Amino acid sequence: QTADTTAPVEYNKEQFCSNIWPFDAPDPFITYDSETGYYYCLFTQGNRLEIYRSKHAADVLMDDDSKIVYEATGANVVWGDIWAPEMHRGADGLWYIYTSSRIKKEAGGEKRVFVLGSLTSDPFGEWEFKGRPAYDIFSIDPTVYTAPDGTQVSIPYTSDTTPSPCGRDGEGSAGVCWGRR
């Protein structure tokens with residue numbers, strides 16, 4: 001017997017809706033670090049990347065424990081509108097933030113992916129601008145796949161339909177890949 005997918009679904013709103021954010025926090029990303037015992041959260045904040053942390057996931061934005069790790073000033077061709085950051089630990093034990101931003105000063109300027117890297121294994125340590133991928137096409141909202149060998153592959157959305165550098169020749173791409181090990 002198959003389920004009726006056209007019938008209205010009733011659900012307990014409290015079971016599925018939880019307001020753990022004390023303020024507007026678009027594009028949230030949370031990860032846990034077993035070495036520090038902290039949950040870390042990032043979200044879209046316009047011209048900066050700020051990491052929030054807490055020992056409890058539900059309190060990650062309420063504990064008032066945060067650190068700004070990057071501010072867009074035009075240096076490194078990052079002007080603002082930083083969107084949908086994600087933070088992932090690499091095989092080298094360091095952390096990497098993958099995100100996208102405007103590359104022109106003018107509002108509405110072209111968006112590109114860029115990466116920051118931590119200088120230590122502590123996400124609340126110092127960070128540096130690592131760069132942008134070699135492909136120079138409109139790209140936003142990267143997510144990251146970490147392969148079993150530790151290679152990280154960033155997969156952003158792009159409207160470019162040329163073959164992907166990931167070897168999917170002839171298919172075009174809903175995203176492009178940028179491998180880093």
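Buried means under 20% relative accessible area, exposed over 50%, and partly exposed in between (1.4 Å probe, protein chains only).

Now colour by element. Helices (H or I, at least four residues) and strands (E, at least two) are DSSP runs, numbered from the N terminus.

This is a predicted model: local features need pLDDT of at least 70, side-chain atom pairs count only at pLDDT 80 or more, and totals for chains, interfaces and linings use all residues. Residues are numbered from 1 along each chain as its sequence is written, and side-chain values use heavy atoms, with hydrogens and water left out.

**Centre on I97.** Leaving aside neighbours within four places in sequence, I97 is in contact (heavy atoms within 4.5 Å) with L42, L49, I51, V69, P85, E86, M87, F114, V115, L116 and W127.

**First sheet.** Show β1 to β4. These four strands form an open antiparallel sheet in the order β1-β2-β3-β4. Two strands pair if DSSP finds at least two bridges between them. β1 (29-33) and β4 are the edges; each has a single partner strand, so one side of each is left without a neighbour in the sheet. Neighbouring strands are turned by 25° against each other on average, direction ignored. Axes here are lines fitted to C-alpha atoms, for helices over the stretch in contact, and angles run from 0 to 180 degrees between N-to-C directions. Zoom in on β3 and β4: five bridges join them in the antiparallel sense. R48 has E71, in β4, as its bridge partner.

Show β5 to β8. Another open antiparallel sheet of four strands runs β5-β6-β7-β8. Its edges are β5 (80-89) and β8 (127-131), each with a single partner strand, so one side of each is left without a neighbour in the sheet. The twist averages 30° from one strand to the next. β7 (residues 111-118) pairs with β8 over four antiparallel bridges. Pick G117; its bridge partner in β8 is E128.

**Step along to S118.** This residue is found in β7. S118 is buried, at 4% relative accessible area. Not counting residues up to four places away in sequence, S118 touches L94, W95, E126 and W127.

Select A84, in strand β5. Its phi is about 45°, although it is not a glycine. A84 is buried at 12%. Next, D27, in the loop between α1 (13-16) and β1. Phi of D27 is near 55°. D27 counts as partly exposed, at 40% relative accessibility.

**Last, colour by pLDDT.** This is the predictor's confidence in each residue, from 0 to 100. The chain mean is 79, and 73% of residues reach 70 or more. Over residues 167-176 the pLDDT is below 50; beyond near neighbours in sequence, this stretch has 30 contacts in the model. Where pLDDT is low, the predicted coordinates should not be read in detail.
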